[in-house]
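Dear colleague,

Please find below the structure that I am handing over to you. My notes on it follow directly after.

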Amino acid sequence: MQDNTQIGTTAAFDAVETAVDDPSAEVLALDGVSKTYGPETAVDELTLSVRDGELLTLLGPSGCGKTTTLRMIAGLERPTTGTVSIRNEVVADETTFRKPEERNVGIVFQSYALFPHLNVEENIAFGLAEADERETDQRVSELLELVSLERHRQKMPNQLSGGQQQRVALARSLAPEPEVLLLDEPFSNLDVRLRVEMREEVREILKRAGVTAISVTHDQEEALSISDRVAIMNDGAVEQIGDPAEVFENPESRFVASFLGQASFLSGRVTDDTIETGIGTFETNRLNGPVEAYNGATVDVLVRPDDLRAIPTAESTAEGYVTQRQYNGPSFVYRVKLHSGDVVHCLHNHSESFKPGEPVEIDLTADHPLAWYPTE
Amino acid sequence: MATGDYDRVAEQTEGATTEQTASGLLSVVAVGITFLVLSPLLWLFLRAVEIEPARAVELVTSSTTVTVTANTVVLVATVTALSVVVGVPLAILTVQTDLPFRRFWTVTSALPLVVPSYIGAFAFVSAFGPRGHLADLLAPLGIKQIPAMYGLPGATLVLTLFTYPYVFLTTRAALLSFDGTTVEAARSLNQTRWQAFRRVTLPQIAPGIAAGALLVALYTLSDFGTPAIMQYDVFTRMIYNEFGARRIDYAAVLSWLLLVMAVGILAVESRIEAGRDGAYISRRSRRPGEIRLGRLKTPALLFCALVATLGLALPVGILLHWLIRGGIGYSATGQSFELAFAWNSLSVAAGAAAVSVIVALPLAYLAARSDSRLSSLPDRLSYVGYAVPGVVLGLALVYLSLRYLPFVYQSVLLLVFAYVVRFMPQAVGTTKSSLLQIDPGYIEAARSLGYSPLAAFRKVVLPLVAPGIAAGAALVFLTTMKELPATLMLRPPGFETFVTYIWQVQDAGYYGRAAIPALVLVVVSGLSMVVILRRERYNAG
């Protein structure tokens, strides 16, 4: 499935050399950080730590508090409670509040926020005011090389394409060598094709610069493909944090499961070692983790389209029927309404074409343990 | 929408063959209008050429000319500089800080624009002049001498108070439209708030400040009423005086010098406008974080209150005071205000509005298309209206009519013509912008739904253009009502309006009599501002 191949690309990047001194050192720590606006809580007791050279992505739906978190790290918002520290130095708590210019935190804004009155070179040199001219010049050249924009040194921002603007924004924020780099929805202003290309490129630039980075997005594919670790946020709190593949395979909550990939839930009744569902009865050892405590009760099993296959069959033996098909080019995703009432999705090769209304039985083809949740 | 699209509208509605004839006719009409609008300048040119070269040099280099030029430059420079000093901080305070009651101060900072400057000058003289309210108030305390209100200080004070809102409004617009994330970006690149303002905000709002400053400069240069009341010799006052003394040669020479300065200011302005063309305007703009004023809060509030008091409360208060109590000379003899004056004002203004709208329609249509070689003509033409001060236009039309068309001299017809030349550009502007808002897709959609080209035009185009035409008519009507110098110079004998009546009573010192017409004009100016603001909202939406 598409999501899996994206995770695969992460491994390819590991070959890129990094300039990190101590990969286990903690660069950024948030401890019990909350932000309230009047009666509304944007961020709720958030605790998080980021290691040196790591790329962590905060992933969540809009309004989950991820951008607010980013702005609190940058010093653009002040936490209501909790502590933010950078390299073990407190930059915000009840008594301290360091201004953005005193934190050494760089930001790449969603809109890039390039200075429209300055050219590429002047934009990149903006944060280097104190260095002498030759040093500045040299540093700008290094950064232009890093982002492959040597030929655009004298151009104004409005003469650049979206991807080029983004690379200038990246170079500008990396210029003063920030401790932490923040990326706010970095790819949302690019068209889809360019987005995939820039993801790889940005990750490579960040790794080569060896910078510790936190990115924020609502795009699960982007989060899974560029990050070292993903933190899934919901309602101002982190629901799960970990390596992208681990989070995708073992979502700890229904929310995480339905946010990543196209999730369906099969309700089933546990009886001793078996579980009876709308697509047949399985042994409970196919489930992830012990389910004994739920003996006699119903649970919901997470199945993604690539875990299931639909097989056309006679009306009498059918477990459900196809209600809709979604053509993606290389593949079809069929939506199947089961007689049990559940709705599941099945992924098929583009050559396997069924018609809506066709009676089908469903095979569970997954070769990994399935995540499950107590029925709510 | 691109102007090219506009031709699709024309094609859809008229068909290709009639289109060509219509286009030819349109060009003829536009050239005719152009000639008419330029005719006053033509007279000035002919008159200047008739002067012997030696005499011309003598007039231009005379000590009076030098003094008047110096006075004008000093007045324009000080008023412009002070307007920036007052307008920019007010804009920053009301947009970017945690100033209490920001909305209130935004309104009070913009409102002095509705007080016609000659009414403001008149009110200030009556309050602070040698025999004014303040002198009366202080006399019992033994203070006999108060600083002179006349001359440069008075003219500067009054013009600054009633024109700084131009700077305030353009700076405010620039602050609201620029992308606040660039400020956050600067902060994240280790710049302090002040450094970020200087290096990021200021360069981006500078064109907005400059545009407002140039409007102030142009207004000050061409204003007749304020320097006349303050008895400060600038070009406009001198031209009016020379006109009164029938020294036409000198008046023509001074008019040329004034025109050259006005065109110079307009040239700089059009360059800034061209450079500004959406360059720094960001679509997604986040407001930069509020600046906390802290200990500066009280001085900031006092500053806002001082400006609002001087620019708004004081003049309006004085007018109301006259209205209720009666001012100096209230009961004196002399002509009292008659309803006929109001009727005169309203009828010439309505005439000017009607003619302007009719003339504006072909010009706006032409300006909205890109293919014609004449398409830039309406825009250039509008500069004539902005650049020619009323006093110059009045002078030119008096002598043009005396020489070539004696029967229109001192007729209402000529007066209306003068208003049309000056204020028609406003109608062209609003009509053009509403024409440009019509997506050719609208007409295509209507036709695909079974409407004939004509029916589509009537059902779709006309309702969309109508508000623009109406707004244009309203603006011309309202600005005509308060026009001073051309009205004084061109009106038929005995033809009194709000404006001429105010001028007459201020000249005689019967201040109290001016209360009603002056308040009417303040309300009229207020209404024209409402029209402009509503248009802006309409265009933005």
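**Domains of chain A**

Chain A is divided into domain 1 (2–104 + 178–258) and domain 2 (262–374); such domain bounds come from an automatic or database domain assignment. Please note that this is a predicted model, in which local features need pLDDT of at least 70 and side-chain atom pairs count only at pLDDT 80 or more, while totals for chains, interfaces and linings use all residues. Residues are numbered from 1 along each chain as its sequence is written, and chains are lettered from A and ligands numbered from 1 in the order in which they are written.

The centres of domain 1 and domain 2 of chain A, taken over C-alpha atoms, are separated by 34 Å. Six residues of domain 1 of chain A are in contact with six residues of domain 2 of chain A, contact being defined by C-beta atoms, placed from the backbone, that lie within 7 Å. On the domain 1 side, helix 9 (residues 254–259) of chain A gives the most, with three residues. Helices (H or I, at least four residues) and strands (E, at least two) are DSSP runs, numbered from the N terminus. By class, this side of domain 1 of chain A has two nonpolar, two polar and two charged residues. Here Ala, Val, Leu, Ile, Met, Phe, Trp, Tyr, Cys and Pro count as nonpolar, Asp, Glu, Lys and Arg as charged, and the others, Gly among them, as polar.

**Strands of chain A**

An open sheet of chain A is formed by four strands in the order 2-1-4-5, with antiparallel pairing; two strands pair if DSSP finds at least two bridges between them. Strand 2 (40–51) and strand 5 (89–92) of chain A are the edge strands, each pairing on one side only. Within the sheet, strand 1 (residues 26–37) and strand 4 (residues 81–86) of chain A run antiparallel and are joined by five bridges. Leu28(A) stands opposite Ile86(A) of strand 4.

Elsewhere in chain A, seven bridges join strand 16 (residues 320–327) to strand 17 (residues 331–338), again antiparallel. Gln324(A) has Arg335(A) in strand 17 as its bridge partner. The hairpin of these two strands has three residues between the strands, and Gly329(A) takes a positive phi near 95° there. Strand 16 of chain A also pairs in the antiparallel sense with strand 19 (residues 359–364) of chain A, over two bridges, and Tyr321(A) stands opposite Pro359(A) in strand 19.

**Domains of chain B**

For chain B, the domain assignment gives domain 1 (1–50 + 339–541) and domain 2 (53–118 + 150–325). Between them, 30 residues of domain 1 are in contact with 28 residues of domain 2. Of the domain 1 side, helix 23 of chain B supplies the largest share, nine residues. The residues of that side divide into 23 nonpolar, five polar and two charged.

Helix 23 of chain B is also the place of Ile516(B). Ile516(B) is partly exposed, with 17 other C-beta atoms within 10 Å; a residue is buried if 20 or more other C-beta atoms lie within 10 Å of its own, exposed if 12 or fewer, and partly exposed in between, with C-beta atoms placed from the backbone. Leaving aside neighbours within four places in sequence, Ile516(B) is in contact with Leu323(B) and Phe337(B).

**Nonpolar cores**

A nonpolar core is a set of buried Ala, Val, Leu, Ile, Met, Phe, Trp, Tyr and Cys residues joined through C-beta atoms within 7 Å. The largest core has 153 residues, of which Ile239(B), Leu363(B), Leu395(B), Ala396(B) and Ala418(B) touch the most other members. Domain 1 and domain 2 of chain B both give residues to this core, so it lies between them. A second, separate core of 105 residues includes Leu28(A), Leu182(A), Ile362(A) and Ala186(B).

**Contact between the chains**

The contact takes 18 residues from chain A and 18 residues from chain B. On the chain A side, strand 6 (residues 105–108) of chain A gives the largest share, three residues. That side has 11 nonpolar, six polar and one charged residues.

Tyr112(A) has a positive phi near 70° and lies in the loop between strand 6 and helix 3 (120–125) of chain A. Tyr112(A) counts as buried, with 24 C-beta neighbours inside 10 Å. Arg246(B) has a positive phi near 60°, but counts as exposed, with 7 C-beta neighbours inside 10 Å.

With kind regards

Technical notes
Two residues are in contact if their C-beta atoms, placed from the backbone, lie within 7 Å.
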